[in-house]
Amino acid sequence: PDGKLVAAGVRGGAGKVPAAVQLLDPASGKEVRRLAGFAADAAVTALAFSPDGKTLLAGTAAGEVKRFAVADPAAGGEPVTGVSFAPDGRTYLVVAG
């Protein structure tokens with residue numbers, strides 16, 4: 001959101017690096033940080049920063065969703081305090097904090 005980082009998904013698999021999200025410096029293209037914790041053969045297919053830029057959501061082709069605190073990825077963000085499905089059964093809401 002502030003233009004200081006770009007997020008890119010890394011596809012894992014046999015003979016490749018494990019699946020992850022790269023946080024890149026947009027000016028240099030260099031990796032600043034790597035966010036891991038996905039299945040080794042996952043394909044990270046969706047990424048979104050929160051409006052304040054402090055949290056990153058990452059989704060995989062297999063339906064896995066991870067939430068990272070961008071400043072401290074080991075923290076994993078705030079605890080999840082609620083979850084709910086929409087009536088369509090496909091959309092859901094996760095409440096944290």
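Which element gives the largest share of the nonpolar patch? The patch draws that share, 3 residues, from strand E7.

## Basis of the model

The model is predicted, with local features requiring pLDDT of at least 70 and side-chain atom pairs counted only at pLDDT 80 or more, whereas totals for chains, interfaces and linings use all residues. Numbering starts from 1 along each chain as its sequence is written, and side-chain values use heavy atoms, without hydrogens and water.

## Nonpolar patch

Leu 57, Val 65, Val 80, Val 83, Phe 85, Tyr 92 and Val 94 make a nonpolar surface patch of about 690 Å². Patch residues have over 30% relative accessible area and no salt bridge, and nonpolar side chains are joined within 5 Å; a salt bridge is a side-chain nitrogen of Lys or Arg within 4 Å of a carboxyl oxygen of Asp or Glu. Accessible areas follow the Shrake-Rupley method with a 1.4 Å probe. Two or more residues each come from strand E7 (80–85) and strand E8 (92–96), strands being DSSP runs of E with at least two residues, numbered from the N terminus.

Leu 57 lies in strand E5 (residues 55–60). Its relative accessible area is 40%, so Leu 57 counts as partly exposed (between buried, under 20%, and exposed, over 50%).

## Open sheet

An open sheet of 3 strands runs in the order E1-E2-E3 with antiparallel pairing, where a pair needs at least two DSSP bridges. Strand E1 (6–10) and strand E3 (31–35) are the edge strands, each pairing on one side only.

E1 and strand E2 (residues 20–24) pair over 5 bridges in the antiparallel sense. Gln 22 in E2 is the bridge partner of Ala 8.

Methods: Helix = DSSP H or I, 4+ residues; strand = E, 2+ residues; numbered from the N terminus. Patch = residues over 30% accessible without salt bridge, like charges linked within 9 Å, V, L, I, M, F, W, Y side chains within 5 Å. Buried < 20%, exposed > 50% of the residue type's maximum accessible area, 1.4 Å probe, protein only.
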